[in-house]
Amino acid sequence: MGVPVARTNDKVVATIRALRRNGFGALDELFPTVCLQELSQARRQGWKVDRSASYCGRCGASVGPGVNTAAACPFCAGQPIAWDRIIRLDVYREPISRWIVGMKFAGQWPWAKWFGRRLARAAGRWAGAQHQQQVVVCPVPLHWGRRLRRGYDQSYLMARGFAQMRGWPVVRLIRKARYTRPQTALSASMRIANVRGSFKVKPLDLSGWTVWLVDDVKTTGATLSVCARLLRKAGADRIHVAVAAVADPAGTDFKTWPGGSAK
Ligand SMILES: [Zn+2]
């Protein structure tokens, strides 16, 4: 009976090696086989982490090559952005949307560490050696009631995976002071009202500090904006956002420009 097990183990090891060769490095030995299979299939279908040039560094929308986003992109023109820079792995669509749903609602928490590590690599590519001093990583907080039900806090696990790769500390600088309805069920304007006043920042002086704010998905950015403003109020010099995916609030995966014209 030992042979089939050994063969299965060999297969798993071979899969991990193949994924590492193909750019899925830094995998945890405990990464479940279901996640490995997902990644392997996605890779075969050409999935890879987005290059930073393919999206706007302010709002995270897909803009494609040749669009100058130094001041703003067509998706965020005229909008105040509460952070300095955002990085993402992909648009919120298949397959990453399935992985995120698995992470949040199906107990597949190891995705969180993987997302965090991949984001850390993406962050390293554009940040280089700058801001190595006084950097702290902060997860967007989950209400304790939701955390209790889920059994884990996926944003914290993402933040920890991110921080470990860069050698930075992860600190819960913000806490959720009251329970709020899930943002996914609300319109853009209702989302802002829903989260306003629901977060509290620790009474710390963050002057001179760069804060990386980590969350799973950005849609309208209402939650991230509230958190970023609190960090700014606490004195943070620079605030960067790292999310696994950016969802198009218009629901077209950024295939149309604001106003509806095709890209
Ligand atoms: Zn933009």
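This note goes through the predicted model point by point, from the overall make-up to single residues.

1. Basis of the note. The model is predicted, and local features are reported only where pLDDT is at least 70, side-chain atom pairs count only at pLDDT 80 or more, and totals for chains, interfaces and linings use all residues. Residues are numbered from 1 along each chain as its sequence is written.

2. Overall make-up. The protein holds 8 helices and 6 strands, where helices (H or I, at least four residues) and strands (E, at least two) are DSSP runs numbered from the N terminus. Read from the N terminus on, the elements follow the order α-α-β-α-α-β-α-α-β-α-β-β-α-β. Of the 263 residues, 36% count as buried; a residue is called buried if 20 or more other C-beta atoms lie within 10 Å of its own, exposed if 12 or fewer, and partly exposed in between, with the C-beta atoms placed from the backbone. Among contacts between residues at least 6 apart in sequence, 73% join residues at least 24 apart, a contact being a pair of residues whose C-beta atoms, placed from the backbone, lie within 7 Å.

3. The sheet. An open sheet is formed by 4 strands in the order E1-E6-E5-E2, with parallel pairing; two strands are said to pair if DSSP finds at least two bridges between them. E1 and E2 stand at the edges with a single partner strand each, so one side of each has no neighbour in the sheet. From one strand to the next, the twist averages 20°, with axes taken as lines fitted to C-alpha atoms (for helices, over the stretch in contact) and angles running from 0 to 180 degrees between N-to-C directions.

4. Strand E5 and its partners. In strand E5 (residues 210-218), 8 of the 9 residues are buried. On one side, 5 bridges join E5 in parallel to strand E2 (residues 135-139), where Val135 has Thr210 as its bridge partner. E5 is also joined in parallel, by 8 bridges, to strand E6 (residues 238-246); here Thr210 stands opposite Arg238, and Asp215 stands opposite Val243.

5. Strand E1. Strand E1 (residues 85-91) is likewise mostly covered, with 6 of its 7 residues buried. E1 pairs with E6 in the parallel sense over 6 bridges, and Val91 stands opposite Val246 of E6.

6. Helices against the sheet. E5, helix H8 (residues 222-233) and E6 make a right-handed β-α-β unit; right-handed here says that, with the strands pointing away from the viewer, the path from the first strand over the helix to the second runs clockwise. H8 lies across E5 and E6 and runs at about 170° to E5. Within H8, Lys233 is exposed, because 10 other C-beta atoms lie within 10 Å. Lys233 and Val201 are 32 residues apart in sequence, and their C-alpha atoms are 9.0 Å apart in space.

7. The nonpolar core. The largest nonpolar core has 62 residues, and those with the most contacts inside it are Ala61, Phe162, Val211, Leu213 and Val214; such a core is a set of buried Ala, Val, Leu, Ile, Met, Phe, Trp, Tyr and Cys residues joined through C-beta atoms within 7 Å. At least two residues of this core come from each of E1, H3, helix H4 (110-127), E2, H6, E5, H8 and E6. Leaving aside neighbours within four places in sequence, Phe162 is in contact with Gly116, Leu119, Ala120, Val137, Trp212, Val214 and Ala242.

8. In helix H3 (residues 96-105), the buried residues are Ile96, Trp99, Ile100, Met103 and Lys104. They lie on the same side of H3, because they cover an arc of only 125° around the axis, the arc being that of the directions from the helix axis to the C-beta atoms. A cis peptide bond, with omega about 5°, joins Glu94 to Pro95, and Pro95 has its place in the loop between E1 and H3. Just after H3, Gly107 takes a positive phi of about 75°.

9. Backbone points for checking. Most residues other than glycine have a negative phi, and most peptide bonds are trans. Asp253, in the segment after E6, has a positive phi near 55°, and Asp253 is partly exposed, with 13 other C-beta atoms within 10 Å. Phe254, which also lies in the segment after E6, has a positive phi near 60°, whereas Phe254 is buried, with 23 other C-beta atoms within 10 Å.

Conventions
Two residues are in contact if their C-beta atoms, placed from the backbone, lie within 7 Å.
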